[in-house]
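Below are some notes for a colleague who is opening this structure for the first time. They take up the disulfides and then the helix packing.

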Amino acid sequence: MNKYKMAELVLPMPFPLSISKASRMRNQALILLCIVVFGVIGTCHGGSLRKKYYKKTCPNAEEIIKTATEKHVANDPTLPARFLRMHFHDCFVRGCDGSVLLNSTTNNSAEKDAIPNLTLAGFDVIDDIKAEVEKKCPNVVSCADVLALAARDAVSFKFQRPLWEVLTGRRDGRVSRVSEALANLPSPFSNFTTLVRNFANQGLNVHDLVVLSGGHTIGVGHCNAFSNRLYNFTGRGDQDPSLNPTYAAFLKTQCRNLTDKTTFVPMDPGSVFTFDNNYYVTVKQNKGLFQSDAALLTNKGSRNIVNELVDPKKFFTEFAQSMKRMGAINVLTGNEGEIRKKCFVAN
């Protein structure tokens, strides 16, 4: 069995295209406006999400989730990539409402069964973490919040500090459709224009696209998500000329043909379990695994951001901000949706 298991992460708010001083000043001004006018930043980026939402109803909720998540991650280093990808796929379809966790029924095919989601893994672990919360606080904490917090805590495990802030107060959605997953999830085959449109549909922009693509620094990619770049890029049995030739030769030793759907390789060679900014170094060397990775170099603005994120400090700062924005996409709050007792089935 492949030692990397199945932890594929395919990612891949109007903000400027570069991380400039003017950009930071505008962002800070917007945040200040949110706080002054609404009292909580979540109101601007996601309804009434706020810090320590469960302070009165389940005071230890976040600690319970953190402890349970870390216990699982200690035994399975693939979980950070799995949870990060799952959270991303949840938020890009109907918002961050836990709909990706729902099972299909006799009358409905759920997001989970869409082709891009067939390689998602770790649902059973999310169910276990939710069960731990239910023991202490039944029917209080949403599955959407459990997933958002578990993704953060899993990626942060090796750092022993939270890498980004997760506001809470999400409610769970009751609807999950395979067709919506197919329509909204970015594809590893996408060009730059398509990726920008996918992200814009979620209120995110080029800056967030490039930053969140950095999640590809952990996890693996399946051969069928990029083998066309090796064997049939334009339909003539050719190789993608933008792919580093040495890297392409290595990939061909792993992925023998276009029909291989089971083999997988690290998305960021040498960094499969290490969350860092090495992804951008790899992309600059034309070693981005997917066409969507290579696409980041085809636009001047996104290329400038790639160059800036080679700085580790900038990457971690910007990743935290983009994750916070992504985690607030079209959230259900207040009396919307529900609180599921079991994440895989609606009440």
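1. Cys 143 and Cys 343 form a disulfide, with 2.2 Å between their sulfur atoms. The pair links distant parts of the chain, 200 residues apart: Cys 143 is in helix H6 and Cys 343 in the segment after H15. The link is left-handed, at -100° about the S-S bond. Cys 143 is buried at a relative accessible area of 0%, and Cys 343 counts as buried at 1%. Please keep in mind that the model is predicted.

2. The structure holds four disulfides. Another of them joins Cys 223 to Cys 255, S to S 2.0 Å. Cys 223 lies in the loop between strand E1 and helix H10, and Cys 255 in the loop between helix H11 and strand E2, so the pair ties together parts that are 32 residues apart in sequence. This link is left-handed, with -70° about the S-S bond, and both cysteines are buried.

3. Cys 91 and Cys 96 form a disulfide with sulfur atoms 2.0 Å apart. The torsion about their S-S bond is about 120°, so this disulfide is right-handed. Cys 91 has a relative accessible area of 0% and is buried; Cys 96, at 1%, is buried too.

4. Cys 91 also belongs to the contact of H4 with H15, where Leu 84, His 87, Phe 88 and Cys 91 meet Phe 319, Met 323 and Met 326. Six of the contact residues are nonpolar, one is polar and none is charged.

Conventions: Residues numbered from 1 in each chain as written. Predicted model: local features only at pLDDT ≥ 70, side-chain atom pairs only at ≥ 80, totals over all residues. Heavy atoms only, no water. Contact = heavy atoms within 4.5 Å. Helix = DSSP H or I, 4+ residues; strand = E, 2+ residues; numbered from the N terminus. Nonpolar A, V, L, I, M, F, W, Y, C, P; charged D, E, K, R; others polar. Disulfide = S-S within 2.5 Å. Buried < 20%, exposed > 50% of the residue type's maximum accessible area, 1.4 Å probe, protein only.
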